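Dear colleague,

I am handing over the structure that we discussed, and would be grateful if you could look through it with the notes below beside you.

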2 protein chains.
Amino acid sequence: MSIVTSHLSISLDGYTAGPNQSLQNPLGEGGERLHEWAVKTASWRAMHGESGGEASPDSDVAAEVSSGVGAYIMGRGMFGNGARYPGGGEWDESWRGWWGEEPPYHAPVFVLTHHPRGPLTMQGGTTFNFVTDGIESALTQARAAANGQTILIAGGAATVNQYLAAGLIDDLWLHIAPITLGSGERLFGGADVRLEPVDCRQTDLVTHVRYRILK
Amino acid sequence: MSIVTSHLSISLDGYTAGPNQSLQNPLGEGGERLHEWAVKTASWRAMHGESGGEASPDSDVAAEVSSGVGAYIMGRGMFGNGARYPGGGEWDESWRGWWGEEPPYHAPVFVLTHHPRGPLTMQGGTTFNFVTDGIESALTQARAAANGQTILIAGGAATVNQYLAAGLIDDLWLHIAPITLGSGERLFGGADVRLEPVDCRQTDLVTHVRYRILK
C-alpha cells in the first residue's frame, strides 16, 4: 500500500508563497527565498538537469523526499493554469507546464482541474493526467499508477490543504526557512491537524522537520 | 554586555495563543496545547514550585532558556492587566500578577504599560517594575539590572514583535508544537526578520529551534 506524502518549504510565519503570485512570479514576492536552500543542493540541481551544487544535509533531504515516488498529484496552479487563467479558463493546449519537455517527475502526474484535457506524455517518463472529479479520485488513480511506491502531493499549498483536511496525507516534511514573508499563501488553511514530529535536520539555511499525521 | 533573548511556543500555523483570549483563558482557545511539552518537564515544574515531571530533552531546553537570566521584560498583557482591562484601564493595585506571591522569575521584571505604578516586591527575588516610557527605556533599565546576565523578553507575542521589529533581540528559541490553531495571536506581525538557525532538538511533543537574529 502506497504511503501519501508531501513536503513544502514554509516561512517562520507560516507562508508557502509570498503575496501577489502571478505568471511572472509564481512564488509571489519574496517567495523564491523559501527555496534558496534547495537550489543550492546537488540533488535538486541533478533532478532539474543542472550540474553542480553542494552535497550537504540539505541535499540529502532533497533527495530523500523525492526518492521512491511512483506518482504525483498537483493542483492546476502548480501546473501553471492557475497563474495563466486566474478565473479558471479552458485549457490552452499549447501550455505544457513550467518544466520544458522533460519535467523532473519521471512518473505519472495527476493534475487537479475543472477542465477536461487528454493526457500529456512528456519526455523522460512524465505523463500529465488531468483529473476533473476531485481529490479522492485523483488519489485512487495515483494509487493504481504508483503500484505500491510513494504518492507525493506536490503542491501548491491549497492542494496540500485539501488533502490534509480530508485526512489523506500520512507523512509531511516541512522545510522551515528562517525568514518571514508577512503575507501570502498559507499552509493548513485553518484545518485542525494533529501531527507528531519524527525527524529533524538542520543547516544554517533551513530546518527540516518530518511529521507523521495523526488520524 | 547582556544578550537579549526570547523563547516562545508556537503552532505550525504561526500562532502563539489561540483565539478569544480572556482573563479566564489567557492562552486563548486551544492555546494550552502549545505548552503541553513544557508542563510535563521536571525543570518547568521545579521553576513553578511543583514536584515531579520528566527529565527529558524538553526539560533540558526548558532549563536552558531560563538559566542565567538577570532581568525580564514583559507586556502588560502577560502580567495580566491586558486581560483584566482590555481597553487599557488604570491599575487595580490588588492585582499582583498570575503567579502568586512567589513568581517563578527570581529577578527584576520590567512590565511595559501606559499607566504608572510603583515597584512591586514579591517573594523569592522577583520585583515587578512598571515602565511607561517605551521598549527602549525598558531595555536600558533591564541592562542595568541584569549586570551582564541574559535579558529575556518573556512575552507575549505583541511585545516580542515590538522588540523584533526594532532589531533589539539577539537570540530566539521557538518551541514549534505539532498542532494547528487556525487563528489567534501571531508572532512576527509582518516584520521582515532574517534569522539563522543554530540549534535544533526534537522530541515527539515539540521541535525546538534556536535562531540567531541577523541584523
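This is a predicted model: local features need pLDDT of at least 70, side-chain atom pairs count only at pLDDT 80 or more; totals for chains, interfaces and linings use all residues.

Residues are numbered from 1 along each chain as its sequence is written, chains are lettered from A and ligands numbered from 1 in the order in which they are written, and side-chain values use heavy atoms, with hydrogens and water left out.

**The sheet and its helices**

Helices (H or I, at least four residues) and strands (E, at least two) are DSSP runs numbered from the N terminus, and two strands pair if DSSP finds at least two bridges between them. In chain B, 9 strands form an open sheet with mixed pairing, in the order 5-6-4-3-7-1-8-11-10. Strand 5 (120-121) and strand 10 (195-202) of chain B are at the edges with a single partner strand each, so one side of each has no neighbour in the sheet. Strand 4 (residues 108-112) and strand 6 (residues 127-131) of chain B run parallel and are joined by 5 bridges, with B:Val109 opposite B:Phe128 of strand 6.

Helix 7 (residues 157-165) of chain B lies across strand 1, strand 3, strand 4, strand 7 and strand 11 of that chain, at about 130 degrees to strand 7; contact here means heavy atoms within 4.5 Å, and angles run from 0 to 180 degrees between the N-to-C directions of axes fitted to C-alpha atoms, for helices over the stretch in contact. Buried residues (under 20% relative accessible area, with exposed over 50% and partly exposed in between, for a 1.4 Å probe and protein chains only) of helix 7 of chain B include B:Val160, B:Tyr163 and B:Leu164. Just after helix 7 of chain B, B:Gly167 has a positive phi of about 70 degrees.

**The contact between the chains**

Chain A and chain B each bring 32 residues to the contact. The area buried between them, which is the accessible area (1.4 Å probe) that two parts lose on being put together, summed over both, is about 2,300 Å², with 55% of it from carbon and sulfur atoms. Of the area that chain A buries against chain B, 24% comes from A:Leu12, A:Thr180 and A:Pro197, more than from any other three residues.

Across this interface there are 2 salt bridges, each defined as a side-chain nitrogen of Lys or Arg within 4 Å of a carboxyl oxygen of Asp or Glu. A:Arg33 forms a salt bridge with B:Asp192, with the closest N and O atoms 3.9 Å apart. On the side of chain A that touches chain B, strand 10 of chain A gives the most, with 7 residues.

**Salt bridges within the chains**

Over all chains the structure holds 20 salt bridges. B:Glu64 forms one with B:Arg210, the closest N and O atoms being 3.9 Å apart; B:Glu64 lies in helix 3 and B:Arg210 in strand 11 of chain B, so the pair ties together parts that are 146 residues apart in sequence. B:Glu64 is partly exposed at 32% relative accessible area, and B:Arg210 is partly exposed at 24%.

In a further salt bridge, B:Glu196 meets B:Arg212 with the closest N and O atoms 2.5 Å apart, linking strand 10 and strand 11 of chain B.

With best wishes
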